[in-house]
Amino acid sequence: MKKASLYVDREFIVGDVDERIYGSFIEHLGRAVYEGIYQPGNPLADERGLRQDVAKLIREIGVPIVRYPGGNFVSGYHWEDGVGPKAERPQKLDLAWSIVETNQFGLNEFMDWTKEVGTEAMMAVNLGTRGVEDAKNIIEYCNIKEGSYYSDLRVKHGYKDPHNIKLWCLGNEMDGPWQMGHKTAKEYGRLAAETGRIMRMVDPNIELVACGSSSLYMDTFAQWEESVLDEAYDQVDYISLHQYYGNHDNDTKNFLASSVAMDEFIRSVVSICDYVKVKKRSRKQINLSFDEWNVWYHSNEQDKQLEKWVKAPHQLEDIYNFEDALLVGSMLITLLKHCDRVKIACLAQLVNVIAPIMTSDSGAWKQTIFYPYMHTSVFGRGKVLHTLVKSPIYESKHGDAPYLDAVLIENEEEETLTLFAVNKSLDEPMEVKCELRQFKDYRVVDHQVLYHEDLKAENTQAHPNNVVPQASGNAKLENGVLETILSKTSWNVICMKKRY
């Protein structure tokens with residue numbers, strides 16, 4: 001049996017968790033919108049066409065923000081096509097995903113949906129085929145009460161009160177040659193700076209996210225971030241990171257070590273931000289928005305066969321297995337360990353498209369990755385403590401990887417401690433100990449374990465409960481020491497509460 005130790009001190013705090021770290025993403029792509037969150041005429045939808053079974057699952061997660069409408073889609077999008085009378089909305093070709101967009105769901109429907117599921121909007125503007133003028137117009141439409149052309153247009157469309165969207169993305173993946181309106185770093189940085197300046201003239205109280213590299217593995221990585229921030233530092237608050245991981249080679253050990261690469265990506269971007277801060281002699285700190293992250297590879301081959309110019313095809317519909325859930329858990333732990341700088345993160349995406357929730361015409365169900373995402377969102381609020389992990393390690397293509405990923409969170413208001421942990425060993429359980437004498441009178445109240453003998457086990461509509469968490473853990477806290485044995489290849493949530 002492998003053995004590991006955790007070391008924490010309640011005064012050694014990484015930072016407060018910004019709840020927006022548990023955000024997600026809805027793009028006009030595949031069945032994320034149509035047949036996902038919106039399906040008029042379906043008996044499971046309300047009179048507005050919003051799927052209530054899906055809304056219930058989203059509320060169960062407690063998703064704090066949702067990025068919209070893209071993604072690659074936004075770089076060719078005219079937001080005006082999706083507002084006003086539906087009978088007058090045009091059908092358009094979307095070059096990003098080679099589909100036909102009907103525009104029957106648009107900005108105002110999205111804002112109705114955010115209220116339905118209890119989330120906030122993270123809106124993206126088109127800096128691919130459009131620019132400053134379009135950004136000025138959409139923020140006027142959304143955030144000005146009345147008395148101007150676009151604010152009055154919103155009122156005419158039936159929305160008297162402004163939407164008051166406070167978080168905005170300045171385009172999407174503008175470093176990528178696949179992107180409509182792809183730009184060099186200097187071109188994009190200059191455009192982002194001017195767009196941000198004009199948007200703040202309309203509403204000074206917004207926050208802005210600049211596009212960072214589309215991936216750690218872009219040839220322009222690092223130089224892109226430095227150049228963009230050199231131009232736009234004073235106008236933006238965050239720079240974005242995007243990264244997906246896959247297991248094409250069916251090499252589980254390397255796949256589960258992907259969180260090591262994610263950690264290095266975050267550390268690298270923090271370093272670049274701080275370099276530019278010093279270079280500019282600024283007191284302002286740029287934080288990180290990891291606004292696309294997930295496992296994505298299962299659907300790659302089938303998507304190559306898709307017919308072009310159809311409506312809402314079954315696109316990017318990864319069916320996740322148990323090992324995917326383990327990596328998602330490790331990635332969430334990695335984000336939490338950097339909560340001092342990662343203030344926003346979006347699991348991409350939320351429904352049907354590389355998503356924790358899947359739908360058919362007759363129902364919705366939870367994929368395996370739903371559970372670590374839901375657990376961290378529900379229980380991972382409070383202060384992240386510096387959690388030193390002394391664990392056996394193994395060699396991977398990403399570098400030395402610990403067999404144990406873990407992080408401890410204290411919620412002072414609720415008087416709770418929560419330990420999230422992944423044992424990545426494929427063949428051995430792991431004994432874990434952590435001294436918690438500083439937390440007097442705490443006791444273990446729950447130890448949830450997500451485990452399956454088959455790493456490739458999936459949840460489907462026919463078998464939705466094949467991979468589900470069980471209150472089967474053995475954690476105990478006695479004499480100030482937390483002890484547990486973690487099953488091989490398992491996701492664990494150990495909840496502790498102060499006793500009275």
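This is a predicted model: local features need pLDDT of at least 70, side-chain atom pairs count only at pLDDT 80 or more; totals for chains, interfaces and linings use all residues.
**Entry 1: the largest pocket.** I found 24 lining residues, of which Asp263, Arg267, Lys337, His338 and Thr387 lie nearest the centre. Helix H8 (258-280), H10, strand S15 (383-385), strand S16 (388-390) and strand S19 (404-411) each give two or more residues to this lining. H8 provides the largest share, 5 residues. I noted the volume as about 570 Å³.

A pocket is an open set of points on a 1 Å grid over the protein atoms alone, where a 1.4 Å probe fits, with protein on both sides within 12 Å along at least five of seven lines; lining residues have an atom within 4 Å of a point. Helices (H or I, at least four residues) and strands (E, at least two) are DSSP runs, numbered from the N terminus.

**Entry 2: the second largest pocket.** I noted a volume of about 380 Å³ here. Of its 20 lining residues, Glu173, Trp178, Ser214, Tyr244 and Trp296 lie nearest the centre. Strand S10 (residues 238-245) gives the largest share, 3 residues.

**Entry 3: conventions.** Residues are numbered from 1 along each chain as its sequence is written. Local features need pLDDT of at least 70, side-chain atom pairs count only at pLDDT 80 or more, totals for chains, interfaces and linings use all residues, and side-chain values use heavy atoms, without hydrogens and water.

How values were computed
Grid points are joined across faces, edges and corners, and a volume is the space filled by probe spheres set on the points.
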